[in-house]
Every structure is written in C-alpha cells, then in structure tokens.
Amino acid sequence: MQEQVTLDRRLKRVVDFIPAGSILADIGSDHAYVPCYLVQQGIIDRAIAGEVNQGPMEAAKAQVELIGASDKIDVRLGDGLAVLNEDEATCISICGMGGSLIRSILENGRDKLGAVERLVLQPNVDGQQVREWLLVSGFTLVTETIVEENDKIYEILVGERGTETRYSADEAERTWQLMFGPELLETRPEPFKLKWGREADKLDYVLGQMAAGAQTEALVRKQEEFKTLRDKMREVSQ
Ligand SMILES: C[S@@+](CC[C@H](N)C(=O)[O-])C[C@H]1O[C@@H](n2cnc3c(N)ncnc32)[C@H](O)[C@@H]1O
C-alpha cells in the first residue's frame, strides 16, 4: 500500500491556497511534500519540484517514487525558476526560506511567470521583502495568514495578478502595512501578536545595549528610529 503523505500545520495551510487543477512548481522542494500531498489527494495532477541542492533534490525524488507519482511530479535540479520552461507553471509555491531569497528567486525568474495565476509564498523572515516585490511586480496580495507551529511563527502570502488596492496612499501608513501585512494588521490574529511582541522584546534588548555605549549623534538617531519601531510593534501586539 502507498504511504500517505502527511503535512505539518505550516504546509497544511500552504496547500489550502493551491488551486485545484494547478500545474504547480514547488521551488525549494526538499522532500517534495507539497506536490506529493496534492497529487496523492487528487487536488492536482501535474507538478514540478525544483531544488538547487543535490541532497534535498534526491530526497524529493525518493519521496515521489515512494508514492508512485514519478509520472506526475518532475523533480528538477536547478536554481529557482530556472528549472521551469516558459509558461509551464500556473501556480508557484516557495516556502521555508527568507523573504529576500524568495524575492530574488521571483525577480530572477520573471520570464517564467507568464502563465502563473497564483503565487503561494511562505517566508520564514522578512515578509516585507515579499510584499514589496508583489506590489512592484503586478501582483496583488489577495490574502495573507499566519500560523504558529512548535513555537515558531510563519506568514503565508498569496499573490495573484492584478492591481493592488490594499495599501494606503499615505506613505507612512503603507510602510507599516508592508512590514506587518495589510490584512494581518487589521485582523491581528494571536500568532501575529505573539510574533510582533517577540520582535519588540528583541529591539528592547538591542536598545539596552545601545544605551550602554558612547552616545554619538548617529547612535542617538538610530535609537530614536528603533524606539519608534519598537513602540509600533508593541502597539500592534496588544
Ligand atoms: C528550509 S527548506 C524548505 C523546504 C520546503 N519548501 C518546506 O517549506 O518545508 C529550503 C529549501 O530551499 C532550497 N533552496 C534554497 N535556495 C534555493 C534556490 N535558489 N532554488 C531552489 N531551491 C533553493 C534549499 O536547498 C532547501 O532544500
């Protein structure tokens, strides 16, 4: 009997956003859990699992073979979207990396986005980088969510082609929306409050260290900047 692929809470939320019938490219697909789960559940019929590193690529291949899906899931070795042909994928998932790496994968692979209708992106840190890229790249942030698992907190951002309307025309407000997420800032679910409370604590620590140093003009200015940031983080974490 074929082994059933199960997903952790983070990836379970990710797959909820993959449209049925997509041709999915899962980039950075160590073990190929996302495409394997979706194919096994009959939600999609075709996927590409891309990996830049040999070890995770082999783990993905082994997993695909284990569930008998080698005819449906292509495992490819390569950097980012370079593994794709033009107009091949209709949905791309990139999970479990930093926001700046996700941003650079998307930016470097712009020529592979022709047929893409949806992006499902799960940055471990620096979600702001991903939101900024979506905003300047003709994608609208259709929804975003945040999950806690094993004391870690993960944002999941879903982009689709379209004109962005969620962000404020006011530059200062828009900066906060890009950092915290326009939807999350409004709904403020528990994991969101926890995340930003922790970030505020980290900044408190840094500010304590800074206060102990010689107070140059530049350092004083930086402390003011950090205090504003810390206060905003505290405010949204209440
Ligand atoms: C932490 S793992 C995440 C695996 C899986 N996506 C998940 O969320 O559980 C990140 C994976 O991305 C791969 N990776 C990093 N940079 C990449 C790139 N430029 N192109 C493709 N894969 C990459 C790494 O080799 C690693 O296997």
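Predicted model: local features only at pLDDT ≥ 70, side-chain atom pairs only at ≥ 80, totals over all residues.
**Entry: burial and overall build**

I started with burial: 37% of the chain's 238 residues come out as buried. I then looked up the overall extent, and the C-alpha atoms fill a box of roughly 65 × 35 × 30 Å along the principal axes. For secondary structure I counted nine helices and seven strands in the chain. I also checked how far along the sequence the contacts reach. Taking contacts between residues at least 6 apart in sequence, I found that 68% join residues at least 24 apart.

**Entry: the two domains**

Next I looked at how the chain is divided. Domain 1 covers 9-167 and domain 2 covers 191-236. I get 33 Å between their C-alpha centres. How many residues of each domain are in contact with the other? I found four from domain 1 and four from domain 2. On the domain 1 side, strand E6 (residues 139-149) gives the most, with three residues. By class, I see three nonpolar residues and one charged residue on that side of domain 1, and no polar ones.

**Entry: the core**

I moved on to the largest nonpolar core, which has 58 residues. Which of its residues touch the most other members? I wrote down Cys36, Leu38 and Ile73. Helix H2 (residues 33-40) gives the most to this core, with six residues. I also checked the core against the domain bounds: at least three of its residues come from domain 1 (9-167), and at least three from domain 2 (191-236).

Leaving aside neighbours within four places in sequence, I listed its contacts as Ala32, Pro35, Cys36, Val39, Ala47, Ala49 and Val64.

**Entry: around the ligand**

Last, I looked up what surrounds the ligand. I have 16 residues there, and the closest are Gly28, Asp30, Pro56, Cys95 and Gly96. Which elements give two or more residues to this shell? My list has strand E2 (46-51), strand E4 (91-97) and helix H4 (99-108). E4 gives the most, with three residues. I sorted the shell by class as well and got seven nonpolar, six polar and three charged residues.

Key
Residues numbered from 1 in each chain as written. Domains from an automatic or database assignment. Contact = placed C-beta atoms within 7 Å. Helix = DSSP H or I, 4+ residues; strand = E, 2+ residues; numbered from the N terminus. Nonpolar A, V, L, I, M, F, W, Y, C, P; charged D, E, K, R; others polar. Buried ≥ 20, exposed ≤ 12 C-beta atoms within 10 Å, placed from the backbone. Near = placed C-beta within 6 Å. Core = buried A, V, L, I, M, F, W, Y, C linked by C-beta atoms within 7 Å.
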